[in-house]
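Hi everyone, thanks for coming. I'd like to walk you through some helix packing today, so let's get the structure up on the screen.

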Amino acid sequence: MARQPEGVVRTPAETVREAQRLLDAGMPFHAHEVFEDAWKSGPQEAAALWRALAQVAVGLTHAARGNAVGGARLLRRGADALAALGRVDRPGGPGGPGGPGGPGGPGGPDAGVARYGVDVPGVVGWARELAGRVEAGGGPVDPVAEAPRLGGAPPPSI
């Protein structure tokens with residue numbers, strides 16, 4: 001299968017939409033590349049989100065290929081990084097309105113709910129649950145059946 005074109009600059013909404021399309025099509029590695037483009041070309045304050053999403057997407061890739069150890073490790077690493085985004089606003093963390101840790105800024109009080117339309121807690125829960133199942137055995141997972149809902153909404157009906 002051809003690789004996703006690299007270095008494509010997208011808006012955050014386009015990134016989420018394209019990654020979800022690829023995940024739904026059973027192409028988590030391609031979704032990983034979309035997230036990687038966003039983390040490398042986007043603003044620094046959003047890099048941690050895109051990098052963590054890239055990790056969970058490549059974790060799903062490994063799980064789908066039967067690499068239980070690598071899949072579970074990357075799913076958990078991405079989930080932990082996503083979960084940490086919501087903790088930056090805790091006492092002792094950076095703050096300030098609009099800045100990292102401030103209201104409306106990356107890592108701010110809303111970071112645990114959604115960022116760029118991504119249901120961060122939902123993706124964290126999905127990744128941790130899948131990591132546990134992958135570690136427990138059972139062979140490769142179906143990437144279409146296991147695709148996360150980035151925005152929390154069900155897939156569009158056909």
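Let's begin with helix α4, residues 68-85, and helix α5, residues 120-136: their axes come within 8 Å and cross at roughly 155 degrees. Angles over 145 degrees count as roughly antiparallel, so that is how α4 runs relative to α5. The crossing of this pair is left-handed. Please keep in mind that this is a predicted model.

Who makes the contact? On the α4 side you'll find A68, A72, L75, R76, A79, D80, L82 and A83. From α5 come V120, V123, V124, W126, A127, R128, L130, A131, G132, V134 and E135. Sorted by class, that contact holds 14 nonpolar residues, 1 polar and 4 charged.

Now over to the other pair. Helix α1 covers residues 12-24 and helix α2 residues 28-41; their axes come within 7 Å and cross at roughly 165 degrees. These two are therefore roughly antiparallel as well, and α1 passes α2 in a left-handed crossing. Here T15, E18, A19, L22 and L23 of α1 meet P28, H30, A31, V34, F35 and A38 of α2. The residues of this contact divide into 8 nonpolar, 2 polar and 1 charged.

One last stop: T61, which sits in helix α3, residues 47-64. Is T61 buried or exposed? With a relative accessible area of 4%, T61 is buried, because the cut-off for buried is under 20%. Leaving aside residues up to four places away in sequence, T61 touches P28 and F29.

Happy to take questions!

Key: Residues numbered from 1 in each chain as written. Predicted model: local features only at pLDDT ≥ 70, side-chain atom pairs only at ≥ 80, totals over all residues. Heavy atoms only, no water. Axes fitted to C-alpha atoms, helices over the stretch in contact; angles between N-to-C directions. Helix = DSSP H or I, 4+ residues; strand = E, 2+ residues; numbered from the N terminus. Parallel < 35°, antiparallel > 145°, perpendicular 65-115°, else oblique. Left-handed = near helix turned anticlockwise from the far one by under 90°. Contact = heavy atoms within 4.5 Å. Nonpolar A, V, L, I, M, F, W, Y, C, P; charged D, E, K, R; others polar. Buried < 20%, exposed > 50% of the residue type's maximum accessible area, 1.4 Å probe, protein only.
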